[in-house]
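Subject: Structure for your review

Hello,

Here is the structure we talked about passing on. My notes on it follow below.

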Amino acid sequence: MAGWTAGAVTSLNATVIDLTGGYPASGSANGAYLFAIDPQSTGTGVIDPFLREQNDGSEQGINTSIANPPYDDKAGQWTHDLLVSQLGTVTYNGHSYYQFYLDANQEADGPISLIAFQIFVTSGSPYTSSSDLTALVSSGTPAFDLNGAGAVRVDISSQNGSGSGDMYILVPTSDIGDSGNLYLYAGFGQDASGGGYASNDGFEEWYAYEGPSPAVPDGGGTALLLGAALVALALLRRKLGGLIKPKPVRLQNPPPEESDTAPFLKRF
Ligand SMILES: [Ca+2]
Ligand SMILES: [Ca+2]
């Protein structure tokens with residue numbers, strides 16, 4: 001979808017949040033906080049991405065389990081419906097947030113620009129029609145819009161290609177609520193004035209902190225359950241430790257590449 005420009009970005013002078021310097025760069029917009037992820041972070045765990053999107057020039061995507069998803073979604077099991085109730089919360093500066101991670105994948109680990117980030121919440125069953133989803137984006141009211149208080153462009157380093165998180169964003173839980181279907185609509189590319197960085201190379205991927213996991217059953221825990229518990233433990237350490245780096249939790253024979261069919265390890 002080359003040439004696409006986020007409708008919300010109408011100002012020629014978007015506020016730029018520059019995270020390309022990497023950790024500890026950070027910024028905030030419309031009540032959300034954005035942080036570059038430390039490339040030296042050693043936390044690793046089994047991750048459940050819910051949105052992959054990919055195109056050259058610019059790209060946009062929304063999470064859905066529809067077999068033929070709209071926009072530049074990369075169909076497959078790592079692009080799927082998500083419930084608000086699946087998410088865990090984190091506390092930052094005394095307030096409660098949902099935490100969404102981005103793993104960007106660009107040529108030569110180059111930068112990319114996030115120019116649209118909206119979260120929609122709906123009740124009832126998830127959408128099964130691509131046109132209903134695009135109508136939601138074009139005419140619905142987002143529960144959260146990073147551009148809601150003025151155009152924002154977030155420049156992000158895509159360190160370490162795919163398999164390593166590059167940024168996370170904390171979205172106030174008060175904006176989202178605690179139930180319903182959660183749709184993340186995210187767009188990348190240059191802003192309306194031609195600033196920022198186009199998308200290229202591999203897919204961009206989103207995942208979320210999905211909260212504390214059930215205890216691993218004695219003697220019966222599957223690798224997936226164990227991995228999820230370790231991720232939760234590592235994230236809990238992050239939460240409790242502020243900016244203190246999480247300790248290594250699991251680094252045993254990570255697969256060389258992310259699989260389309262099985263959970264995989266990712267650094268965060
Ligand atoms: Ca990356
Ligand atoms: Ca890319």
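How many helices and strands does the secondary structure of the chain come to? The count is 3 helices and 15 strands. Please keep in mind that this is a predicted model.

Of the 268 residues in the chain, 43% are buried. Among contacts between residues at least 6 apart in sequence, 77% join residues at least 24 apart.

Strand β13 (residues 181-188) is worth a look. Because 6 of its 8 residues are buried, β13 is largely enclosed by the rest of the structure. Two of its pairings are as follows. Strand β9 (residues 111-122) runs antiparallel to β13, and 8 bridges join them; here Leu114 stands opposite Phe188. Strand β6 (residues 59-62) also pairs with β13 in the antiparallel sense, over 4 bridges, with Gly61 opposite Ala186.

Next, the nonpolar core. The largest one has 54 residues, and those touching the most other members are Ile119, Ile156, Met167, Ile169 and Val171. Strands that each supply at least two residues of this core include β8 (95-103), β11 (152-157), β12 (167-172), β9 and β13. The most comes from β9, which gives 8 residues. In general, nonpolar side chains in soluble globular proteins tend to be buried together.

Leaving aside residues up to four places away in sequence, Ile119 touches Pro142, Ala143, Phe144, Val171, Ile176, Leu182, Tyr183 and Leu184.

Regards

Technical notes
Residues are numbered from 1 along each chain as its sequence is written. Chains are lettered from A and ligands numbered from 1 in the order in which they are written. This is a predicted model: local features need pLDDT of at least 70, side-chain atom pairs count only at pLDDT 80 or more; totals for chains, interfaces and linings use all residues. A residue is buried if 20 or more other C-beta atoms lie within 10 Å of its own, exposed if 12 or fewer, and partly exposed in between; C-beta atoms are placed from the backbone. Two strands pair if DSSP finds at least two bridges between them. Two residues are in contact if their C-beta atoms, placed from the backbone, lie within 7 Å. A nonpolar core is a set of buried Ala, Val, Leu, Ile, Met, Phe, Trp, Tyr and Cys residues joined through C-beta atoms within 7 Å.
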